[in-house]
Amino acid sequence: MKKIFLSIALFSLAASCNDYLDIKQEGYTDASTFFKTQEDAMQATNAIYTFLRSWENSAFPYQFVFGVPADDVVKGSNPGDASFINVYDNFTYTVSDEGIRGYWIGQWQAINSCNQVITNVPKIDMDSALRTRLVAEARMLRAYIYFNLVRIYGGVPIFDGLQSNYKVPRNSVEEVYNFIISDLTSAADILPQTYPASELGRVTKGAALGLLSKVYLYKKDWQKAYDTSNQVMAMGYDLDPDFNHLFRPAGEFGKESVFEVNCDCIPPFKGSQYAEVQGVRDQFGWGFFTPSSSLESAFEAGDIRKELTILRNGETTPEGDLIAMGDAQSVTTYNQKVYVPKALNKSACGYGSIQNIRILRFAEILLINAEAANELGNTATAVTNLNRVRTRAQLGGTTASTKVDLRKAIWNERRVELAMEGDRFVDLVRTGEAATVLASYGFKAGKNELFPIPFDAITESAGAFTQNPGY
């Protein structure tokens with residue numbers, strides 16, 4: 001059963017800093033009058049979790065940078081609706097694009113929220129074990145946000161706590177990754193492996209180690225990716241045997257969940273718009289960020305994930321909903337992973353607002369382990385863990401046997417297993433395939449691996465920032 005863990009945190013997490021770190025929100029209280037009690041510490045930490053389901057991190061800005069630029073997602077809706085999204089599909093966005101700016105601002109607001117907890121909670125007279133844990137949660141979440149920043153923008157400034165001067169140069173990519181690793185390692189030493197049912201959704205030791213294994217994958221530190229993913233694999237996680245159940249509300253926080261955002265309908269936040277913006281147009285939602293024909297063709301014959309990932313106009317879902325969109329000009333296929341059956345939707349919130357966001361699943365841990373094992377020459381282990389994912393999809397074992405062929409098989413498995421979950425574009429960049437796969441979309445090597453630093457962030461830095469190449 002889904003439990004509510006987020007309380008309403010009404011305080012400002014603003015510090016003396018650049019504008020993109022100092023955007024106050026209506027109804028918030030200044031931080032200087034906060035951080036006095038244990039309840040304040042809990043509310044401050046919970047505010048970081050609230051960000052994970054915010055507009056910036058789950059709806060349009062997030063999809064602009066992690067979704068549409070890939071070859072498995074198209075803008076969706078009808079051609080005339082929000083045509084400004086097309087710049088992300090054809091790589092013509094600029095330094096002044098509002099979507100790029102929106103994602104940037106959202107991440108720094110969240111970093112500031114984390115740093116408020118990390119700086120101020122240790123000063124509160126409260127239960128010492130809880131105090132230590134809340135700081136570890138903030139470090140884990142800060143690492144996740146920095147991981148997103150470094151993959152999208154490259155090197156960014158490292159702010160370890162509250163600063164007196166935020167107009168500082170960008171750190172290198174390597175320095176940012178080392179900072180992320182430090183946060184995750186520290187958090188993993190402290191975070192519990194499980195929580196009571198009333199606190200489902202808080203980050204765990206498994207989440208910290210799972211994300212750490214993915215960070216090592218991006219760094220191509222194969223041995224550490226292998227060793228760390230092995231730690232996670234020994235913690236009791238497993239694949240949900242039913243791929244459809246995995247993405248329905250009944251499958252939330254199941255045995256496959258390593259890092260998942262609780263999006264329950266809690267006034268005044270009212271869940272998340274993650275599912276609404278992708279829901280079937282004029283039936284359940286807005287109809288954006290939909291599966292491409294390229295994604296359809298990537299599935300092997302007999303792969304059950306194809307029809308459980310792609311929701312089609314005219315079909316009846318396993319839960320009994322007839323898909324009958326109301327816009328004749330719209331695309332006709334949608335992301336089934338975000339579908340919430342009509343009978344389960346909460347009328348107090350927008351469509352699909354209860355749909356949790358799966359950030360890291362055990363299936364990906366298996367594929368991280370397989371990829372690292374293959375790079376280390378451990379073919380047998382790579383094949384075993386790749387085939388565990390394939391078996392759930394009702395596919396036969398891989399026929400790949402050489403290191404090169406197995407590498408490609410694992411990459412393709414990531415594509416179809418994690419389809420439309422925000423990994424495809426950054427995977428193409430990580431593996432060096434983006435310039436080839438995305439060339440027909442307008443991708444330019446040496447430029448489009450990263451997004452530009454927003455124009456106003458460059459301006460506000462007073463000369464401290466340099467722009468990414470090509471912009």
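Start your tour by selecting Lys-220, which sits in the loop between α8 (205-219) and α9 (222-233). Helices here are DSSP runs of H or I with at least four residues, strands are E runs of at least two, and both are numbered from the N terminus. The model you have open is predicted, so local features need pLDDT of at least 70 and side-chain atom pairs count only at pLDDT 80 or more, while totals for chains, interfaces and linings use all residues. Residues are numbered from 1 along each chain as its sequence is written, and side-chain values use heavy atoms, with hydrogens and water left out.

**Stop 1**

Is Lys-220 buried or exposed, or in between? At 45% relative accessibility, Lys-220 counts as partly exposed. The cut-offs are these: buried means under 20% relative accessible area, exposed means over 50%, and partly exposed lies in between, using a 1.4 Å probe and protein chains only.

Now select Gln-394, in the loop between α14 (379-392) and α15. Gln-394 is not a glycine either, yet it has a positive phi of about 65°. With a relative accessible area of 58%, Gln-394 is exposed.

**Stop 2: helix α9**

Go back and select α9, a helix of twelve residues. From its first C-alpha to its last, α9 reaches 16 Å, close to the 16 Å expected at 1.5 Å a residue. That expected span is 1.5 Å times one less than the number of residues.

Which residues of α9 are buried? They are Trp-222, Ala-225, Tyr-226, Thr-228, Ser-229 and Val-232. Here is a handy rule while you look: an α-helix has 3.6 residues a turn, so residues three or four places apart point the same way. To see what covers the buried residues of α9, show the elements that include α8, α13 (362-375) and α14.

**Stop 3: helix α6**

Next, select α6. The end C-alpha atoms of this 26-residue helix are 37 Å apart, which agrees with the 38 Å it should span. Of those 26 residues, 21 are buried, so α6 is largely enclosed by the rest of the structure.

Look at both ends. At the start of α6, a side-chain oxygen of Asp-127 reaches to within 3.2 Å of the backbone nitrogen of Ala-129. Just after α6, Gly-154 takes a positive phi of about 85°.

Now pick Arg-151 and show the rings of Phe-147 and Tyr-218. The charged end of Arg-151 sits over the ring of Phe-147, 3.9 Å from its centre. Arg-151 also lies over the face of Tyr-218, at 5.3 Å from the ring centre. A charge sits over a ring if NZ of Lys or CZ of Arg is within 6 Å of the ring centre and within 35 degrees of the ring normal.

**Stop 4: Asp-423 and its neighbours**

Select Asp-423, in the loop between α15 (403-417) and α16. Asp-423 is buried, with a relative accessible area of 6%. What does Asp-423 touch? Not counting residues up to four places away in sequence, Asp-423 touches Arg-151, Lys-214, Tyr-218, Glu-364, Arg-414 and Leu-418. Touching, or contact, means heavy atoms within 4.5 Å.

Zoom in on Lys-214, whose side chain makes a polar contact of 2.7 Å with the side chain of Asp-423. A polar contact is a pair of N or O atoms within 3.5 Å; within protein, one must be able to donate a hydrogen and the other to accept it, and residues adjacent in sequence count only if both atoms are side-chain atoms.

**Stop 5: aromatic pairs**

How many aromatic pairs does the structure hold? There are 34. Rings of Phe, Tyr and Trp (its six-membered ring) pair if their centres lie within 6.5 Å; planes under 30 degrees apart count as stacked, over 60 as edge-to-face and the rest as tilted.

Select Phe-91 and Phe-425: their ring centres are 6.3 Å apart and their planes stand at 35°, so the pair is tilted. Phe-91 lies in the loop between α4 (86-89) and α5 (98-120) and Phe-425 in helix α16 (residues 424-431), so the pair ties together parts that are 334 residues apart in sequence. Phe-91 is buried at 4% relative accessibility, and Phe-425 is buried at 1%.

Then select Tyr-144 and Phe-259, an edge-to-face pair with 5.3 Å centre to centre and 80° between the planes. Tyr-144 lies in helix α6 (residues 128-153) and Phe-259 in strand β2 (residues 257-261), so this pair ties together parts that are 115 residues apart in sequence.

**Last stop: the whole protein**

Zoom out to see 18 helices and six strands. Buried residues make up 60% of the 471 residues.
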